[in-house]
Amino acid sequence: MTQEDYWAGVERLKARLWRLARLRLDSDADATDILDEAVFRGWQSCGQLRHPEYFDTWLTRILINECSRELRRRGREQPTDQLPETSWEEPDYLPLREAVARLPDKLRWVILLRYFSDYTLEETARALNLPRSTVHARQKKALELLKLDLT
Amino acid sequence: MERKEEYLHMRQEEADRPLPPELNHLEARVRARARQPVRRRPARKLAFTVALCAILVLGTAMTWGLGGFGQLIRLMGQDAEQLSPYYQTIGQSVDCGEYQVTVDGIAFTTRSYTVLYHVTATDGEWDETQAWAHLGFSHIILGPSGSPQTPFESFIAPQSLEENGQNGWGEWLYGEDPGSAYYLLTMSTTRPLEAGSGQTLQLYFNRAVDGVSATDVTPGGTLLSFPVEHVLQEVTIPLNNDGPCQRLSISPVSIVLDTSLNVEEWSEVALEFRPELTLLYSDGTEWVLDDEKQFGADRMSMARDVGDDGLISPKWHLRQAPPDLSGLTAVRLDGVTYQVPPQT
């Protein structure tokens, strides 16, 4: 992939990626920083991308990795007095935003990609590097937990 | 509001969220960063230089006066963050694309295992956040596995560690060395470990796809297998008191304090325990768990990803093993003495 192609792809995708990071990290500034980091790392390794047609899901996967790093860093630095007292309740009693935020990470990424970022099942599977069947199962489980019927 | 309406409303809210103006300059910012030299830590370089000079000066002095470098190494070993020598040396590496993971050592005790490994950036570049990406690389299973191509049925099972009779957490150990970060991955096992029982510890490392590591378990990675061949002696002492501390387990590599402190599933907790612990031996000698004998003495003990039972068990990794545990008769924990019962 050429540099021109890379930056053209970033330009096309950056708003979508920023919104995805914003949804996961719940912070404008962190989403911007993480997008910077993901685009930087993508640029460093875009020569290794063997299938340019998968650019979107490839860069999404880098962004997801960067979000995970940020969340681990936050977990490490979170002071004791700011830790939540409880974090998992019956999600159908919660407002949807809060219920999504309390989904286990594996399920949450599927929901964010599928229903808030308009990735197809195939694209979600590629971005998460999972079999389609696994994504489908997680999607079903997450929607059940959220009591959300989108069929 | 109906759930579906709520979803559509939230979706619209997100779609309407204004983009930050910084996004307009994303390319320029990233290109500028790429022109900067790789981040290094001058303070560490300075510390390394000072340490090297000190070694040369001290070493020369000791060669003359105290019997050479052997003593120097022993002296440095007291202060260096070295593990208890009871770890089995492994030294196996796995190429994970951007990074190389090397398993340095493993220690099995009756109720737990601990893996020391370090992660090195293959391109030599390093920053503070990189290391945290790798805890997700390893997936662990005790017991028989499938073929190397599909070691885990459906590639979901290893995520449910409790199904494999274990739970635990990874821990950042040293912080960074130049180019590497060291970790301890420690797991408690509900099924006792027994040498020669056929139990095997399997570490699975995801493959990198297009140079990017996976965030989840994927086929085609690398599986390392370590048979449980040597299990270290572990003494368990029930603490019959009204407090949260319920049981103490002592081995040559770690001390674990099981508590009755319960937490909600999926929640994160941080606890600070700084117990005063002394081991009392039949010959009258005592061994005190002081800061020099444990890792991370200057930081908070943190228990995260609490196990299926919801209980927290802080663990101290030892830099110096206590004397032979067969002579241990009692422990003194925060001023209270507990006798060691016969071990089964």
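Leaving aside neighbours within four places in sequence, with which residues is B:Leu224 in contact? The answer is B:Gln92, B:Val94, B:Val103, B:Leu201, B:Gln202, B:Leu203 and B:Phe205, where contact means heavy atoms within 4.5 Å.

The model is predicted, so that local features need pLDDT of at least 70 and side-chain atom pairs count only at pLDDT 80 or more, while totals for chains, interfaces and linings use all residues. Residues are numbered from 1 along each chain as its sequence is written, chains are lettered from A and ligands numbered from 1 in the order in which they are written, and side-chain values use heavy atoms, with hydrogens and water left out.

B:Leu224 belongs to strand E10 of chain B, residues 222-227. Helices (H or I, at least four residues) and strands (E, at least two) are DSSP runs, numbered from the N terminus. The relative accessible area of B:Leu224 is 7%, and the residue is therefore buried; buried means under 20% relative accessible area, exposed over 50%, and partly exposed in between, with a 1.4 Å probe and protein chains only. B:Gln92, one of the contacts of B:Leu224, is 132 residues away along the chain, yet the two C-alpha atoms are separated by 8.5 Å.

Chain B also contains an open sheet of four strands in the order E16-E15-E18-E19, with antiparallel pairing. Its edge strands are E16 (286-288) and E19, each of which pairs on one side only. On average, neighbouring strands are turned by 20 degrees against each other, direction ignored; the axes are lines fitted to C-alpha atoms, for helices over the stretch in contact, and angles run from 0 to 180 degrees between N-to-C directions. Two strands count as paired if DSSP finds at least two bridges between them. Strands of a sheet pair through backbone hydrogen bonds, either parallel or antiparallel.

Within this sheet, E15 (residues 277-281) and E18 (residues 328-333) of chain B are joined by five bridges. B:Leu279 stands opposite B:Val331, and B:Tyr281 stands opposite B:Leu328. Four bridges join E18(B) to E19(B), residues 336-339, and B:Leu333 has B:Val336 as its bridge partner there. E18(B) and E19(B) form a hairpin with two residues between them, and B:Asp334 in the turn has a positive phi of about 50 degrees.

Another open sheet of chain B has four strands in the order E12-E13-E14-E17, again with antiparallel pairing. The edge strands, each pairing on one side only, are E12 (235-238) and E17 (315-317). The twist averages 15 degrees from one strand to the next. Three bridges connect E14 (residues 254-259) with E17 of chain B, and B:Ile255 has B:Trp316 as its bridge partner.

Chain A has seven helices and zero strands. Of its 151 residues, 54% are buried. Among contacts in chain A with a separation of 6 or more, 66% are between residues 24 or more positions apart.

Helix H2 of chain A (residues 28-45) illustrates the helical geometry. Its 18 residues should span 26 Å at 1.5 Å a residue, and the end C-alpha atoms are 26 Å apart, which agrees; the expected span is 1.5 Å times one less than the number of residues. H2(A) is mostly covered, with 13 of its 18 residues buried. At its start, a side-chain oxygen of A:Ser27 reaches to within 3.4 Å of the backbone nitrogen of A:Ala29.

Note on methods: A polar contact is a pair of N or O atoms within 3.5 Å; within protein, one must be able to donate a hydrogen and the other to accept it, and residues adjacent in sequence count only if both atoms are side-chain atoms.
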